[in-house]
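Take a moment with the sequence and the model before reading on.

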Amino acid sequence: MTKKTAALYHDYRHQWAALPGWLQTLIAVPCGMMAMVLASKITLPWWPVPLTLGNMMPLLLAAYLRPRDAMGALGLFLGLGCLGVPVNAPMASPLFGLAFLGGTTGGYLVGYFMAAGAVSWLKTR
């Protein structure tokens, strides 16, 4: 990393840290949810549970976000899925609404939420 790149990175980190906490959350949670949706669309067609980049995204979100923001992003992802928005992998489950969590991938999805919170919490310790 060159000096100029390092200085630019430090400047952006300083500007992010200067934002109020509520504004950081307001930006981080929807962006994290969108990253989760995009990652879940990239899939290898295994059955009954496809292998997606969505398996990795909760841990990445936990690594970069505060615990409440990581869990908020995954909670928003699960909430949209329960409302019927097609946020999961294209072939993961034909179910929509609350049945979305009762299908073959339901345990994984709830585990995403818990893993993001646990890893992010452990990161702060």
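A crossing counts as right-handed if the near helix is turned clockwise from the far one by less than a right angle, and as left-handed if it is turned anticlockwise. Keep that in mind for the helix pairs below.

## The overall layout

This is a predicted model. The chain has six helices and two strands, and going along the sequence they come in the order α-α-β-β-α-α-α-α.

Of the 125 residues, 32% count as buried. If you take the contacts with a separation of 6 or more, 59% of them link residues 24 or more positions apart.

## α3 against α6

Start with helix α3 (residues 57-64) and helix α6 (residues 106-124): their axes come within 8 Å and cross at roughly 30 degrees. Angles under 35 degrees count as roughly parallel, so α3 and α6 are roughly parallel to each other. The crossing of α3 with α6 is right-handed.

Who does the touching here? On the α3 side it's P58, L59, A62, A63 and Y64, and they meet Y112, A116, V119, S120 and K123 of α6. By class, that contact splits into eight nonpolar residues, one polar and one charged.

## α4 against α6

Helix α6 also packs against α4, with the axes 8 Å apart and an angle of about 170 degrees. The cut-off for roughly antiparallel is over 145 degrees, so α4 runs roughly antiparallel to α6.

From α4, the contact draws on P67, A70, M71, L74, G75, F77 and L78, while α6 brings L109, Y112, F113, A116, G117, S120, W121 and T124. There are 11 nonpolar and four polar residues in this contact, and no charged ones.

## α2 against α4

On the α2 side you'll find G21, T25, A28, V29, P30, G32, M33, M36, V37 and S40, and on the α4 side R68, D69, G72, A73, L74, L76, F77 and L80. Sorted by class, the α2–α4 contact has 11 nonpolar, five polar and two charged residues.

In soluble globular proteins, nonpolar side chains tend to be buried together. Here the largest nonpolar core holds 18 residues, and M36, L61, L74, F77 and L109 touch the most other members.

Zoom in on L61: leaving out residues up to four places away in sequence, L61 touches G32, A70, A73 and L74.

Beyond residues up to four places away in sequence, A70 touches L61, A62, L65, A116 and S120. A70 and G32 are 38 residues apart in sequence, yet their C-alpha atoms are 7.3 Å apart.

L38, in helix α2, is another story: with 60% relative accessibility, L38 counts as exposed. L38 and A89 are 51 residues apart along the chain and 9.2 Å apart in space, C-alpha to C-alpha.

Terms used: Residues are numbered from 1 along each chain as its sequence is written. This is a predicted model: local features need pLDDT of at least 70, side-chain atom pairs count only at pLDDT 80 or more; totals for chains, interfaces and linings use all residues. Side-chain values use heavy atoms; hydrogens and water are left out. Axes are lines fitted to C-alpha atoms, for helices over the stretch in contact, and angles run from 0 to 180 degrees between N-to-C directions. Helices (H or I, at least four residues) and strands (E, at least two) are DSSP runs, numbered from the N terminus. Angles under 35 degrees count as roughly parallel, over 145 as roughly antiparallel, 65 to 115 as roughly perpendicular and the rest as oblique. Contact means heavy atoms within 4.5 Å. Ala, Val, Leu, Ile, Met, Phe, Trp, Tyr, Cys and Pro count as nonpolar, Asp, Glu, Lys and Arg as charged, and the others, Gly among them, as polar. A nonpolar core is a set of buried Ala, Val, Leu, Ile, Met, Phe, Trp, Tyr and Cys residues joined through side-chain atoms within 4.5 Å. Buried means under 20% relative accessible area, exposed over 50%, partly exposed in between (1.4 Å probe, protein chains only).
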